[in-house]
Amino acid sequence: MHVKKLKDKLIKGETVYGSLFQHAVVPAMVESIPDNSLDFVIVTPEHTTLDLAEFLPLRYALKSKGIVCLARTHSRDPADVARVCDTFDGVVVPYVEEYEQAQQLAAAAVYRPLKGMVLDRVLETGKWPSKKTEDYIEKRNEETLFIPMIESVPAIENLEKICSIPGVHAVFVGPGDLTANMGIPREYDHPELIAAIQKVIDTANKQHVAAGCWFGTAKQALRTMRQGARLVVYANDGLMLQHAMQSAFTELRKG
């Protein structure tokens with residue numbers, strides 16, 4: 001699946017399915033991914049000592065399988081966002097909570113290579129250097145996806161404005177940081193978290209933006225889908241291996 005096709009599905013209100021890859025960097029493992037299971041993968045070295053560059057062979061293997069490969073950055077630096085988008089199919093940026101910050105990050109992804117005063121003028125007034133430049137930027141970046149992560153109460157409060165930014169086609173809730181911010185750390189079944197996710201989904205839907213939340217269990221993921229989530233990000237490579245082995249060997253040891 002090309003990125004443009006994935007974006008079109010999101011714009012049309014369809015649901016897309018993906019997972020986090022935190023440890024898998026060997027491209028040969030892509031052969032083990034069943035057909036029609038993943039639309040996209042988010043590679044993330046957030047909780048490891050890996051670097052994003054180590055996922056590059058995997059990115060090209062996923063492309064051969066028709067799976068979009070997004071990268072989660074460590075920072076909220078627009079220069080880092082642009083650099084990641086020059087290599088991967090798109091970017092997932094952590095802890096975005098202010099409109100102006102989100103606008104700059106989205107611009108780094110979908111208006112590159114515009115920078116500086118010219119970019120600021122485009123964002124403030126919509127005035128481009130020329131129609132040629134506008135057409136070039138649109139064509140150059142049509143295969144780039146930008147997804148801000150919503151991980152705090154202020155981010156939810158600012159979500160309507162964030163979703164209005166050109167280039168934001170999806171938002172992604174990080175429940176670990178959000179529950180800590182809400183004072184209910186890692187309580188993923190807490191009614192307040194479920195209500196907050198519903199607010200994110202409803203607010204995003206009004207702007208024709210897909211929303212979703214990461215969860216490590218199918219029960220939690222399905223609950224969020226029933227709430228209206230269209231960006232489904234389930235588990236990660238390590239968790240799926242753990243679940244598969246636990247299920248298989250529990251059955252085998254029963255004899």
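The largest cavity of this predicted model holds about 30 Å³ of space. A cavity here is a set of points on a 1 Å grid over the protein atoms alone where a 1.4 Å probe fits but cannot get out. Grid points are joined across faces, edges and corners, and a volume is the space filled by probe spheres set on them. By this rule there is one cavity of 30 Å³ or more.

Some notes on the model come next. Because the model is predicted, local features need pLDDT of at least 70 and side-chain atom pairs count only at pLDDT 80 or more, while totals for chains, interfaces and linings use all residues. Residues are numbered from 1 along each chain as its sequence is written, and side-chain values use heavy atoms, with hydrogens and water left out.

**The cavity and the pocket**

Who surrounds the cavity? Its lining is made of Gly212, Cys213, Ala221, Thr224, Met225, Ala229, Leu231, Val232 and Val233; lining residues have an atom within 4 Å of a point. Strand 7, helix 11 (218–226) and strand 8 (231–236) are the elements that each give two or more residues to this lining. Helices (H or I, at least four residues) and strands (E, at least two) are DSSP runs, numbered from the N terminus. By class, the cavity lining has seven nonpolar, two polar and no charged residues. Ala, Val, Leu, Ile, Met, Phe, Trp, Tyr, Cys and Pro count as nonpolar, Asp, Glu, Lys and Arg as charged, and the others, Gly among them, as polar.

A pocket, in contrast, is an open set with protein on both sides within 12 Å along at least five of seven lines. The largest pocket contains about 450 Å³ of space. Of its 18 lining residues, Glu46, His47, Gly176, Tyr188 and Trp214 lie nearest its centre. Strand 6 (170–173) and helix 9 (175–182) are the elements giving two or more residues to this lining, and helix 9 has the largest share, three residues. The pocket lining divides into seven nonpolar, six polar and five charged residues.

**Two aromatic pairs**

Rings of Phe, Tyr and Trp (its six-membered ring) pair if their centres lie within 6.5 Å; planes under 30 degrees apart count as stacked, over 60 as edge-to-face and the rest as tilted.

| Pair | Centre to centre | Angle of planes | Kind |
|---|---|---|---|
| Tyr111 and Trp128 | 5.4 Å | 75 degrees | edge-to-face |

Tyr188 sits in the loop between helix 9 and helix 10 (191–206) and Phe215 in strand 7 (residues 210–215), so their pair ties together parts 27 residues apart in sequence.

**Around strand 3**

All five of the five residues of strand 3 (residues 68–72) are buried, so the strand is largely enclosed by the rest of the structure. Val68, Leu70 and Arg72 point one way, and Cys69 and Ala71 the other. Strand 3 pairs in the parallel sense with strand 2 (residues 40–43) over four bridges; two strands pair if DSSP finds at least two bridges between them. Ala71 is the bridge partner of Val43.

Methods:
Buried < 20%, exposed > 50% of the residue type's maximum accessible area, 1.4 Å probe, protein only.
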